Every structure is written in C-alpha cells, then in structure tokens.
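This briefing covers a ligand site, a nonpolar core and a handful of individual residues. The sequence and structure come first.

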Amino acid sequence: MTTVTVAASKKYDVIIGGGLLADAGQYIADVVSCRKAALVSDDTVFSLYGGTLQKSLALSGIEPITFIFPHGEYSKSLSVYGTLLGAMCDGGLSVSDAVIALGGGVAGDLAGFAAATYRRGTAFIQIPTTLLAAVDSSVGGKTGINLERGKNQAGAFYQPSLVLCDTDTLKTLPEREYKNGCAEIIKYAMIGGYGLFEELFDLPAHVQYEDVIAKCVAIKRDIVEKDERDTGIRRLLNFGHTVGHAIEVCSRYTVPHGEAVAVGMAVITSAAVRFGICSADVERALYEALGKYSLPRKTAFSAEVLAAAAMNDKKIRGDRLTLIVPEAIGRCAMTDIPKVELAEWLRAGGLK
Ligand code: NAD
Ligand code: MG
C-alpha cells in the first residue's frame with residue numbers, strides 16, 4: 001500500500017493498493033464521521049464492485065443511498081445531475097454526510113459536482129476504478145458535467161476528502177480503457193520526473209500498478225499544489241491535449257481520448273525536434289514508449305483541419321494559445337504562440 005498526500009486547499013490522502021475496497025468503510029469513517037453516504041456508480045461498475053462497497057459501509061455503520069446511472073459520457077449531464085441531487089434529498093443526506101464516487105472519470109466528475117453543490121458542499125470520496133481515473137481525474141479537484149453546448153461547461157473545483165484506489169478493480173478493465181490510461185501515464189512520464197519513463201520500459205504498467213499510479217499521482221500532486229485553479233503550471237497536464245481534442249472532435253469521438261492524446265504528444269514532440277527545442281532522442285524514446293503500449297502516433301487528419309478544430313478549444317484565450325512542448329524526457333515547457341501558427345507546428349510535426 002502506498003499513500004500520497006495532496007496538500008491543496010484541502011489536505012487529503014490518495015491511498016493506492018490491492019484489496020482496499022473491502023475496507024473502504026473503515027477508511028471513509030477515519031476521515032468523515034457520516035451516518036449516510038450517497039454511493040454514485042454506473043451500472044457496469046456497480047454490478048462488479050457495488051456489493052463489496054455496500055458490505056464494507058454497513059460494517060462501519062454507514063447507510064448507503066445508492067444511485068446507479070447508465071455507463072458512459074452521456075450520463076455526465078444536467079438531467080442525471082438533477083436526478084442525483086433529488087435522490088440525495090429524498091434519501092435524507094445531510095451536510096455532515098458524504099458522497100462516494102465508485103467508478104471512472106464520469107462517476108467522479110458527476111458525483112464530485114453533486115458533492116460540491118449539494119447544500120453548498122458535502123464531503124466527497126473518490127474510489128477510482130479506471131486507470132484514467134486512478135492517475136488523473138480522481139486527484140486534483142476538478143468536477144463537472146457536460147451541457148449540450150459542450151464538455152465540462154458546468155463545474156467546480158472541489159477537492160475530495162480521500163481517494164481510495166484499489167488496484168484489484170483495474171483487473172476487469174477492458175483493453176481500450178487500459179490504453180486510455182496508459183496514454184495519460186506516458187504523458188506524466190514526459191512532463192514529470194520520478195524515473196517513471198524508464199519504469200514503463202522495464203515492465204508493463206499493469207504488472208506494477210501501485211508504483212506507476214503512485215508516481216503519476218505524485219507528479220499531479222506537485223503541479224496541483226502549485227496551481228490548484230489551473231491558471232499557470234497546471235496547464236502542463238495538457239501535453240498532447242490541444243491536438244488530441246482536435247482529433248477527437250474531427251473523428252466525432254470515434255478515436256478514443258488516449259489514442260488522440262498519444263498522437264498529439266507525438267506530433268508536438270516531432271515539431272519540437274524540428275524547431276531545435278529537444279533532441280531527436282526524446283522523439284525516439286516517446287515513439288518507442290507509444291509503440292510498447294500499442295498507441296498510435298499518426299493521424300490522417302491534415303494540419304489545417306486539426307488547427308481549425310483546435311481554434312474552438314476552450315483553453316484558447318484571445319489570439320494566443322499555450323502549447324506544452326517537451327525539452328527533455330520528464331521536462332516540458334509552456335510555450336505561448338499566436339494561434340495562427342498552430343498549423344505550422346503541426347506540419348513541422350509531420351502532418352500534411
Ligand atoms: P468512464 O467513467 O466512462 O469509464 C469508462 C468505462 O469503463 C465505462 O463504461 C465504465 O462502466 C467502465 N469501467 C469502469 N471501471 C471499470 C472496471 N474496473 N472494470 C470494468 N469496466 C469498468 O470513463 P473514464 O475514461 O474513466 O473517464 C472519462 C471522463 O473523465 C471524461 O468525462 C473526462 O472528461 C473526465 N476527466 C476528468 C478529469 C478531471 O480532472 N476531473 C481528468 C480527466 C478526465
Ligand atoms: Mg486527458
């Protein structure tokens with residue numbers, strides 16, 4: 001078992017290890033004295049792990065108000081959010097109780113936003129069950145839902161009181177979800193240190209989950225503690241994401257997030273080599289890592305098409321955008337460019 005402590009506006013532990021779910025009630029009782037807890041999970045995850053969590057909560061005297069939603073991004077919606085708040089009211093959840101997210105980033109973002117806003121804030125516990133949620137969405141306090149007009153258009157920064165990552169739950173993850181998580185792990189290896197990049201070559205991530213997740217969480221912790229509200233250094237976490245989001249949009253979301261981010265990292269790194277910002281060794285090593293995890297580094301979309309799609313990115317302010325550019329393995333810089341120069345970067349990165 002490994003614990004990473006995050007000292008953001010709220011201080012909390014991220015506990016990572018096998019077999020934690022069966023003791024979740026006790027871990028939760030140690031940080032929140034609650035009588036009830038809203039247990040928020042999708043149908044797939046609940047059928048796999050809901051029973052174990054309910055049993056453990058009962059042993060600690062916590063009564064669950066169970067809320068199960070259909071799996072998938074569409075449930076991160078205003079209507080599901082409204083139904084969840086209603087269920088919390090009907091179940092008699094008080095402000096001294098808690099909301100528990102059991103699942104991937106969808107459960108975490110939805111339950112977190114409900115926790116942030118229910119009677120102006122109830123304690124929130126994250127139990128991530130996807131690799132992406134373990135290394136990314138469960139830590140750092142971003143919560144929210146999608147509106148018809150776009151992703152994450154309503155949200156709040158709201159840190160959890162505890163993140164409990166039971167690595168045994170990741171054993172049932174479909175291959176596609178594993179790859180999504182691996183792309184984010186490679187992103188952390190490129191922006192942070194802790195010898196993560198080398199580690200990904202020694203053994204596959206899935207045979208050393210505890211260590212790899214702890215290192216990713218430590219890298220995210222270091223960044224979030226310096227810039228909790230995403231106005232500066234936290235943008236490093238967007239490495240590969242400007243191009244990645246554009247690929248997702250252009251493919252009408254048929255290219256999964258992780259694969260899109262993988263291509264985004266590859267293109268920007270190749271451009272960085274052409275512009276003399278990093279050595280060809282960095283590009284070679286990244287390509288090798290992506291290959292090892294069966295992640296792509298090419299796309300058929302042209303530089304013009306992707307640059308045009310990227311102009312709608314909500315991270316763009318005015319006529320400039322911040323690109324995250326590698327200088328070495330484990331070190332990236334934030335480079336401010338006029339947004340009209342993005343297409344040139346993408347061509348330098350090998351796109352037509
Ligand atoms: P998800 O929550 O939809 O999970 C993906 C799929 O895996 C679902 O179908 C789910 O039922 C299934 N699943 C989950 N755990 C499983 C398990 N252990 N075994 C078998 N199946 C399992 O998606 P995700 O990829 O975890 O998260 C994506 C969401 O996270 C997006 O909405 C994204 O915007 C958000 N996100 C948020 C942050 C943040 O900082 N808040 C960061 C990154 C992404
Ligand atoms: Mg991402």
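Is R120 buried or exposed? R120 is exposed, as its relative accessible area of 81% is over the 50% cut-off. The model is predicted. Ligand 1 has 26 residues around it, and the largest nonpolar core has 79 residues.

**Ligand 1: surroundings**

- Of the 26 residues that surround ligand 1, the closest are D42, E73, G105, T130 and T172.
- Sorted by class, this shell holds 10 polar, nine charged and seven nonpolar residues.
- Four elements each supply at least two shell residues: helices α2 (43-59), α4 (105-117) and α5 (131-137), and strand β8 (150-157).
- Helix α2 provides the largest share of the shell, with four residues.

**Ligand 1: polar atom pairs and cover**

- A nitrogen atom of ligand 1 lies 2.8 Å from a polar atom in the side chain of T129.
- On the backbone side, a polar atom of K142 is 2.8 Å from a nitrogen atom of ligand 1.
- A backbone N or O atom of T169 is found 2.9 Å from a nitrogen atom of the ligand.
- On its own, ligand 1 has 870 Å² of accessible area, and the protein covers 86% of this.

**Nonpolar core**

- Within the largest nonpolar core, of 79 residues, those with the most contacts are L131, I186, I213 and L346.
- Helix α10, spanning residues 257-274, gives the most to this core: 11 residues.
- The core lies between domain 1 (2-172) and domain 2 (175-348), because both domains give residues to it.

- L20 sits in the loop that links β2 (11-17) to α1 (24-31). Its relative accessible area is 4%, so L20 is buried.
- The C-alpha atoms of L20 and M1 are 8.9 Å apart in space, and the two residues are 19 apart in sequence.
- S41 belongs to strand β3, which runs over residues 36-42. With a relative accessible area of 0%, S41 is buried.
- A polar side-chain atom of S41 lies 2.9 Å from the backbone oxygen of L102.
- E283 is part of helix α11 (residues 280-292). A relative accessibility of 13% falls under the 20% cut-off, so E283 counts as buried.
- The side chains of E283 and R274 make a polar contact at 3.4 Å.

**Loop between α4 and β6**

- Where is R119 found? R119 is in the loop between α4 and β6 (123-128).
- R119 is not a glycine, yet its phi is positive, at about 45°.
- At 47% relative accessibility, R119 counts as partly exposed, because this value is between the 20% and 50% cut-offs.
- R120 also lies in the loop between α4 and β6.
- The phi of R120 is likewise positive, near 65°, in a residue other than glycine.
- R120 is exposed at 81% relative accessible area, whereas R119 is partly exposed.

Definitions and conventions
Residues numbered from 1 in each chain as written. Chains lettered and ligands numbered in written order. Predicted model: local features only at pLDDT ≥ 70, side-chain atom pairs only at ≥ 80, totals over all residues. Heavy atoms only, no water. Near = heavy atom within 4 Å. Polar contact = N/O pair within 3.5 Å; in protein donor to acceptor, adjacent residues only side chain to side chain. Areas by Shrake-Rupley, 256 points an atom, 1.4 Å probe, with all protein chains shown as cover. Nonpolar A, V, L, I, M, F, W, Y, C, P; charged D, E, K, R; others polar. Core = buried A, V, L, I, M, F, W, Y, C linked by side-chain atoms within 4.5 Å. Buried < 20%, exposed > 50% of the residue type's maximum accessible area, 1.4 Å probe, protein only. Domains from an automatic or database assignment.
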